[in-house]
Amino acid sequence: MMDVLLNSGPRRLYFDHAATTPLAPEVIAAMLPYFNASYGNPSSVHAEGRLAHEGLEAARRQVAAVLHCRPQELIFTSGGTESDNLALKGVALAQQGVGHIITSVAEHHAVLHSAEYLAHRGFKVTYLPVDRFGMVSPDAVAAAIQPDTRLISIMYANNEVGTINPIAQIAAVAQRAAVPFHSDAVQAGGSLDLDVDRLGVDLLALSAHKFYGPKGVGVLYVRGGSRLLYQQSGGSQESKRRAGTENVAGIVGLATALTIAEGKREAEAARLRGLRERLIGGVLGSIPGAILNGHPVERLPGNANFCLPDVEAETLLLRLDLLGIAASSASACTSGAVEPSHVLRAMGIPDALAVGSLRLSLGASNTEADIDYVLAKLPAVVNKLQSLKLRERSS
Ligand code: PLP
């Protein structure tokens, strides 16, 4: 049914790469043998098991080459959410008693809810503010550190507005205070430098489906010597830090996707930046009152996020969908009311404006023609919704 829907009618333009990306054909090809001939359990001693084990360890080496770390510093997980959970809970709970955690108000819920979980268990949590661009200040991190701070967790790049945090500076602050530093790099994977030494991070979370790999597989980098308590008990896989038979095909897919993405990262980022700037310029120039959310320069190459006045995101997304444009918004319709995003709120954007947020996240499939199409259609759609709203108000 869905197949029919997606393959018929007008060409679909996908502008939601921050939500997920399609699998690259090379990634599918690399994964296939692990569903067929190399189906063994990587913990088994026989030939079938050894073959799967070789695939798993080759994937680990591939990821390590991109992160410039040692293969044994990597733990494969079920995705970004699990990586973040393992980082926060694993570090916080590795010592007896409770302590203090520093994070920011603009994190993904995988981090925020893990911090909340720890708060319920007696941990103190400092939620640092962000500036109007959604950025965390390294000085604010330094000022928040307490003698019992166990972990600092600040995202590399924001999933909604694309703002890139000064990770290396925050890492330097953490290092001076000898506090472990975790960064949720789920949105940065495939787009930004992931060299863990250049960044200075102690933990780093990635998710394959954000860089043309499969869903349900991620990785957590944990610097050698860091204390981490496993959060999933069972077998002794992943050096006893994450129990459960490894998703070998998924992990091979993650490693292949990351290697491919790293190979073309700079060229692709430059291409996307060019498209993004045209899109931003076009939207701001053609829709009165539209504002760009996030940092004008320190932002993910493919992220464009706007607030459009007198528009409700949900309706806008449906109208765009009918025109073949897949986009998203940070605002969610919960129990009939449109709830503005916690990130936009934290940036000081009034709720009335924040409910009209539109995120267009660009990726491999997008071309200049796609941008032209959006710029040709969006202003009229917005105008239509605004006049409907005006009529609704005056009636
Ligand atoms: N962190 C960030 C910044 C994200 O954007 C996402 C996914 O959107 C996640 C964590 C969760 O990743 P996953 O979907 O792999 O669980």
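Modeller: Helices (H or I, at least four residues) and strands (E, at least two) are DSSP runs, numbered from the N terminus. This protein has 15 helices and 14 strands.

Biologist: What should I know before reading the numbers?

Modeller: This is a predicted model, in which local features need pLDDT of at least 70, side-chain atom pairs count only at pLDDT 80 or more, and totals for chains, interfaces and linings use all residues. Residues are numbered from 1 along each chain as its sequence is written, and side-chain values use heavy atoms, with hydrogens and water left out.

Biologist: What radius of gyration does the protein have?

Modeller: The radius is taken over C-alpha atoms, and the globule rule is 2.2 Å times the number of residues to the power 0.38. For 395 residues, a compact globule would come near 21 Å; the protein has 22 Å, which agrees. Along the principal axes, its C-alpha atoms fill a box of roughly 70 × 55 × 40 Å.

Biologist: How much of the protein counts as buried?

Modeller: Buried means under 20% relative accessible area, exposed over 50%, and partly exposed in between (1.4 Å probe, protein chains only). Here 52% of the 395 residues count as buried. The accessible surface of the protein, from the Shrake-Rupley method with a 1.4 Å probe and, for residues, only the protein chains shown as cover, comes to about 17,000 Å². Carbon and sulfur atoms hold 56% of that surface.

Biologist: What share of the contacts joins residues 24 or more positions apart?

Modeller: Contact means heavy atoms within 4.5 Å. Among contacts with a separation of 6 or more, 72% come from residues 24 or more positions apart.

Biologist: Now the ligand. Which residues come nearest?

Modeller: A residue is near a molecule or strand if one of its heavy atoms lies within 4 Å of it. There are 13 residues around the ligand, and Thr-81, Asp-184, Gln-187, Ser-207 and Lys-210 come nearest. Helix H4 (residues 80-92) gives the largest share of the shell, 3 residues.

Biologist: How many residues of the shell are nonpolar, polar and charged?

Modeller: Ala, Val, Leu, Ile, Met, Phe, Trp, Tyr, Cys and Pro count as nonpolar; Asp, Glu, Lys and Arg as charged; the others, Gly among them, as polar. The shell has 2 nonpolar, 8 polar and 3 charged residues.

Biologist: Is Ser-78 buried, exposed or partly exposed, and where is its place?

Modeller: Ser-78 is in the loop between strand S2 (74-77) and H4. At 38% relative accessibility, Ser-78 counts as partly exposed. Beyond four places in sequence, Ser-78 touches Gly-216, Val-217, Gly-218 and Arg-242.

Biologist: Where does Glu-73 lie?

Modeller: Glu-73 lies in the loop between helix H3 (47-67) and S2. Glu-73 counts as buried because its relative accessibility is 7%. A polar atom of its side chain is 2.8 Å from the backbone nitrogen of Arg-70. Glu-73 and Leu-220 are 147 residues apart in sequence, yet 8.3 Å apart in space, C-alpha to C-alpha.

Biologist: Is Arg-276 buried or exposed?

Modeller: Arg-276 counts as buried, at 3% relative accessibility. Its place is in helix H11 (residues 265-286). The side chain of Arg-276 reaches the backbone oxygen of Leu-300 at 2.9 Å. Leaving aside neighbours within four places, its contacts include Pro-296, Arg-299 and Leu-362.

Biologist: How do I read phi?

Modeller: Most residues other than glycine have a negative phi. Tyr-212 has a positive value, near 70°, and sits in the loop between strand S7 (203-207) and strand S8 (218-222). Ser-239 also has a positive phi, of about 50°. Ser-239 is in helix H9 (residues 237-240) and is exposed, with a relative accessible area of 54%.

Notes. Polar contact = N/O pair within 3.5 Å; in protein donor to acceptor, adjacent residues only side chain to side chain.
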